[in-house]
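Student: I am new to this structure and would like a close look at one part of it, the nonpolar core and the elements packed around it. Could you take me through that part slowly, in one connected answer?

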Amino acid sequence: MNTDDGPLCQKLRLDLSEELSRHIFSVEDNSGLNLIRTLSDLTASGRGNSLFLQGNNQKVKLVKRFLEILQNRIELHESLNGVEVNRLFRQLTTNESFDFKTEEIIATHFGRVVKAKTPNQSKYLEIIEKNTVTVALGPAGTGKTYLAAAMAVRALKDKKVSRVILSRPVVEAGESLGYLPGDLKEKVDPHFRPLYDSLQEFLGMGKFEQMIKQGIIEITPLAYMRGRTFNEAFVVLDEAQNTTMPQMRMFLTRLGYGSKMVVTGDHTQIDLPKTSDSSLLILEDILKNVESVGFIRLSSDDVIRHDVVRRIINAFDAYTNKESETHG
């Protein structure tokens, strides 16, 4: 049923699928219906699996698009919960150019589709595709490392590279790796657990361990990369905010033929004794005019974790900016 009361007002009944109805009419505070009701010049109600809308034509159109996005996610068997519904709604209502039909990167070992979930993430993947070296800056939870690892595994599966190298600087609290018990893997395991988790999700535990043994996948501290050259490899440097300028230069010059590099980091989580020593603070100024080197800045709008994480990041950013202005 669809009747117009005028050019700017519309009444509409939308019949929803069973699964979509569960997300729209859930009892959670951030249910789809409660989110829709935050729109001005629009009233919304539900009965059974039907959603009834009345109000401004543009707002009705926006709600229809929101429902299409959710239904599309459902049909692609993507994970969808209250947090994700909230994020999609917020993203849609603040970004007119939002495109939910993004390309699949890979499927996880259990069949879940991995792809960009925000326009900025989609841009990040495009930059990786187009450039030899990509530098991604942004707060925790924006998918910097996860998406880079997914692109690395896809490149490996597509035989564009023969190896995947993942690295991090190991910054200990006054300890040297040499004094820690166990072999190298046992010493660095706690530092590399996030990378292990991502690769095991993409490949499965058995295949991941097999590739580690075969040297197809290598996870190594940054210090152990000196003197090496990586040909036909997809190399990811994580936590790059904890690299000094000499370390960053050493890393970038490991690049060999047929390889790609992705550098990820968050300038708000520098663990070096002197914050000013972080190469990430000036890397863009140094490399911005170098051909085939791309930069992307992700923000709290790209956070895929719980919505509270996004608000926490914004609160810290606001406090930091206020402190800078006060002491500037």
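Tutor: What follows is a walk from the core to one of its aromatic residues, then to the sheet, and finally to a single residue in a strand.

Please keep in mind throughout that this is a predicted model. The largest nonpolar core has 37 residues, and those that touch the most other members are I105, Y124, F202, I217, I219 and F234. Several elements supply at least two residues each to this core, namely the strands β5 (104-107), β8 (163-168), β9 (217-221) and β10 (233-237), together with the helices α5 (119-130), α6 (144-157), α7 (184-203) and α8 (205-214). Helix α6 gives the largest share, which is nine residues. As a general background, nonpolar side chains in soluble globular proteins tend to be buried together. There is also a second, separate core of 26 residues, with L51, L80, V85 and F89 included in it.

With a relative accessible area of 2%, F202 is buried, because buried means under 20%. Leaving out residues up to four places away in sequence, F202 touches I106, A107, T108, H109 and V114, and also Y146, A149, A150, V153 and K157. The strands β5 and β6 (residues 113-115) pair in the antiparallel sense over three bridges, and in their hairpin, which has five residues between the strands, G111 takes a positive phi near 95 degrees.

The structure holds three aromatic pairs. In one of them, the ring centres of F66 and F89 are 5.1 Å apart and the planes stand at 75 degrees, so this pair is edge-to-face. It links distant parts of the chain, since F66 is in helix α3 (residues 57-75) and F89 is in helix α4 (residues 82-94), 23 residues apart. Both F66 and F89 are buried. In another pair, Y146 and F202 have ring centres 5.1 Å apart and planes at 55 degrees, so the pair is tilted. Here too distant parts of the chain are linked, with Y146 in helix α6 and F202 in helix α7, 56 residues apart. Y146 is partly exposed, with a relative accessible area of 23%, whereas F202 is buried.

Turning now to the sheet, six strands form an open sheet with parallel pairing, in the order β9-β8-β10-β11-β7-β12. Its edge strands, β9 and β12 (293-297), each pair on one side only, and neighbouring strands are turned against each other by 15 degrees on average, direction ignored. Helix α6 lies across β7 (133-137), β8, β10 and β11 (260-265), and runs at about 170 degrees to β10. Helix α9 (residues 245-252) packs on the sheet as well, touching β7, β10 and β11, and its direction makes about 155 degrees with that of β11.

Within this sheet, β8 and β10 run parallel and are joined by five bridges, and S167 has L237 in β10 as its bridge partner. V236 also has its place in strand β10, and this residue is buried, with a relative accessible area of 1%. Apart from its neighbours within four places in sequence, V236 is in contact with A148, I165, L166, S167 and V262. V236 and V133 are 103 residues apart in sequence, yet their C-alpha atoms are 9.8 Å apart in space.

Note on methods:
Residues are numbered from 1 along each chain as its sequence is written. This is a predicted model: local features need pLDDT of at least 70, side-chain atom pairs count only at pLDDT 80 or more; totals for chains, interfaces and linings use all residues. Side-chain values use heavy atoms; hydrogens and water are left out. A nonpolar core is a set of buried Ala, Val, Leu, Ile, Met, Phe, Trp, Tyr and Cys residues joined through side-chain atoms within 4.5 Å. Buried means under 20% relative accessible area, exposed over 50%, partly exposed in between (1.4 Å probe, protein chains only). Helices (H or I, at least four residues) and strands (E, at least two) are DSSP runs, numbered from the N terminus. Contact means heavy atoms within 4.5 Å. Rings of Phe, Tyr and Trp (its six-membered ring) pair if their centres lie within 6.5 Å; planes under 30 degrees apart count as stacked, over 60 as edge-to-face and the rest as tilted. Two strands pair if DSSP finds at least two bridges between them. Axes are lines fitted to C-alpha atoms, for helices over the stretch in contact, and angles run from 0 to 180 degrees between N-to-C directions.
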